[in-house]
Amino acid sequence: MAKFITSIELFGADESDYQNLTSALEKESFRPEKKKYVSLKRVEYNREGNITLKDVTDAVFKVAKSTGKKYSFTIIKDKNLN
């Protein structure tokens with residue numbers, strides 16, 4: 001099983017944009033990483049399972065694009081899980 005930690009930033013977004021992003025991420029099986037909002041400008045989520053980096057990247061891309069905002073994201077694979 002793999003665990004991926006994802007950080008997403010939306011540019012020019014307000015709180016409602018991040019609430020929409022959060023809802024969409026949770027529908028894609030992402031769970032908050034420690035706390036839902038790291039700051040108004042970035043959220044961190046994780047996803048675990050029998051998934052690949054491509055699976056996670058595709059899901060994050062789809063969700064971030066659906067906000068209609070410019071965005072950036074980083075995905076890190078947690079090496080502690082086997």
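User: Is Phe 73 buried, exposed or partly exposed, and what is its relative accessible area?

Analyst: Good place to start! This is a predicted model. Buried means under 20% relative accessible area and exposed means over 50%. Phe 73 has a relative accessible area of 27%, so Phe 73 is partly exposed.

User: Which rings link with Phe 73 into a cluster?

Analyst: Phe 61, Tyr 71 and Phe 73 are linked by ring pairs. The structure holds 2 aromatic pairs. Phe 61 and Tyr 71 are edge-to-face, with 6.3 Å centre to centre and 70 degrees between the planes. This pair links distant parts of the chain, since Phe 61 lies in helix H2 and Tyr 71 in strand E4, 10 residues apart. For Tyr 71 and Phe 73, the planes are at 15 degrees and the centres 6.2 Å apart, so that pair is stacked.

User: Let's turn to helix H2. Which residues of H2 are buried?

Analyst: Val 56, Ala 59, Val 60, Val 63 and Ala 64 are buried in H2. Looking down the axis of H2, you will find its buried residues within an arc of 125 degrees, so they line one face of the helix. On the other side of H2, Lys 54, Lys 65 and Ser 66 are exposed.

User: And what covers the buried residues of H2?

Analyst: The cover includes strands E1 (2-11), E3 (43-49) and E4 (70-78), along with helix H1 (15-27).

User: Where does the charged end of Arg 47 sit?

Analyst: Look for the ring of Phe 30: the charged end of Arg 47 sits over that ring, 5.5 Å from its centre.

Notes. Residues are numbered from 1 along each chain as its sequence is written. This is a predicted model: local features need pLDDT of at least 70, side-chain atom pairs count only at pLDDT 80 or more; totals for chains, interfaces and linings use all residues. Side-chain values use heavy atoms; hydrogens and water are left out. Buried means under 20% relative accessible area, exposed over 50%, partly exposed in between (1.4 Å probe, protein chains only). Helices (H or I, at least four residues) and strands (E, at least two) are DSSP runs, numbered from the N terminus. The arc is that of the directions from the helix axis to the C-beta atoms. Contact means heavy atoms within 4.5 Å. Rings of Phe, Tyr and Trp (its six-membered ring) pair if their centres lie within 6.5 Å; planes under 30 degrees apart count as stacked, over 60 as edge-to-face and the rest as tilted. A charge sits over a ring if NZ of Lys or CZ of Arg is within 6 Å of the ring centre and within 35 degrees of the ring normal.
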